[in-house]
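This briefing walks through a few features of one protein structure. Keep the sequence and the model in view while reading.

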Amino acid sequence: QLQACGGGLVQAGGSLRLSCTASGRTVSRNVMGWFRQAPGKEREFVAAILRSNGATYYADSVKGRFTIFRENAKNTVYLQVNSLEPEDTAVYYCAAGNYANDRSGRTYDYWGQGTQVTVSS
């Protein structure tokens, strides 16, 4: 019910646009978030956006480089990732939930399959 895509292999400094399309019950969730997990590391919060008013939230590590935005008519949320660094290499997951202040991901009840982002130095 969450379909994420847009990952790929890019050089440091490059950009990608990830997208996540919701369907079914996930459409009713007020929060869409992006998380990532690098090999050997725990999952970490990246960004989130509220469906109701468009408010956005970012991890400090991506502020100024990543932008989350949405097209409600398409039930799609995007993550524009710029100025990529090798440390951004991870599988990126989109998720749907109802609590924007949850940065652990524990209250998100729908998850996409993940899309791989690899940044070469």
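**T76 and its surroundings**

The side chains of T76 and T21 are joined by a polar contact of 3.0 Å. The model is predicted.

- T76 is a residue of strand β8.
- T76 has a relative accessible area of 7% and is therefore buried, since buried means under 20%.
- When neighbours within four places in sequence are left aside, the residues in contact with T76 are S19, C20, T21, F69, R70 and E71.

- Strand β7 covers residues 66-71 and strand β8 covers residues 76-81.
- The two strands, β7 and β8, pair in the antiparallel sense, and six bridges connect them.
- One of the residues with a bridge partner in β8 is T67, whose partner is Q80.
- Four residues lie between the strands of this hairpin, and N75 has a positive phi near 50° there.

**The cysteines**

- How many disulfides does the structure hold? There is one disulfide.
- The disulfide is between C20 and C94, with an S to S distance of 2.1 Å.
- The disulfide is right-handed because the torsion about the S-S bond of C20 and C94 is about 60°.
- A bond of this kind is covalent and connects the sulfur atoms of two cysteines.
- C20 is buried, because its relative accessibility is 0%.
- C94 also counts as buried, at 1% relative accessibility.
- C5 takes part in no disulfide, and the nearest cysteine sulfur, which belongs to C20, is 8.7 Å away.
- C5 has a relative accessibility of 39%, so C5 counts as partly exposed.

**Salt bridges**

- Side chains of opposite charge can pair when their charged atoms come close.
- The whole structure has seven salt bridges.
- Among them is the pair of D88 and R36, with 2.9 Å between the closest N and O atoms.
- Are D88 and R36 buried or exposed? Both D88 and R36 are buried.
- Another salt bridge is between K63 and D60, where the closest N and O atoms are 3.3 Å apart.
- D60 is exposed, because its relative accessible area is 65%.
- K74 and E71 also form a salt bridge, with their closest N and O atoms 3.8 Å apart.
- K74 has a relative accessible area of 51% and so is exposed, whereas E71 counts as partly exposed at 31% relative accessibility.

Conventions:
Residues are numbered from 1 along each chain as its sequence is written. This is a predicted model: local features need pLDDT of at least 70, side-chain atom pairs count only at pLDDT 80 or more; totals for chains, interfaces and linings use all residues. Side-chain values use heavy atoms; hydrogens and water are left out. A disulfide is a pair of cysteine sulfur atoms within 2.5 Å. Buried means under 20% relative accessible area, exposed over 50%, partly exposed in between (1.4 Å probe, protein chains only). Two strands pair if DSSP finds at least two bridges between them. A salt bridge is a side-chain nitrogen of Lys or Arg within 4 Å of a carboxyl oxygen of Asp or Glu. A polar contact is a pair of N or O atoms within 3.5 Å; within protein, one must be able to donate a hydrogen and the other to accept it, and residues adjacent in sequence count only if both atoms are side-chain atoms. Contact means heavy atoms within 4.5 Å.
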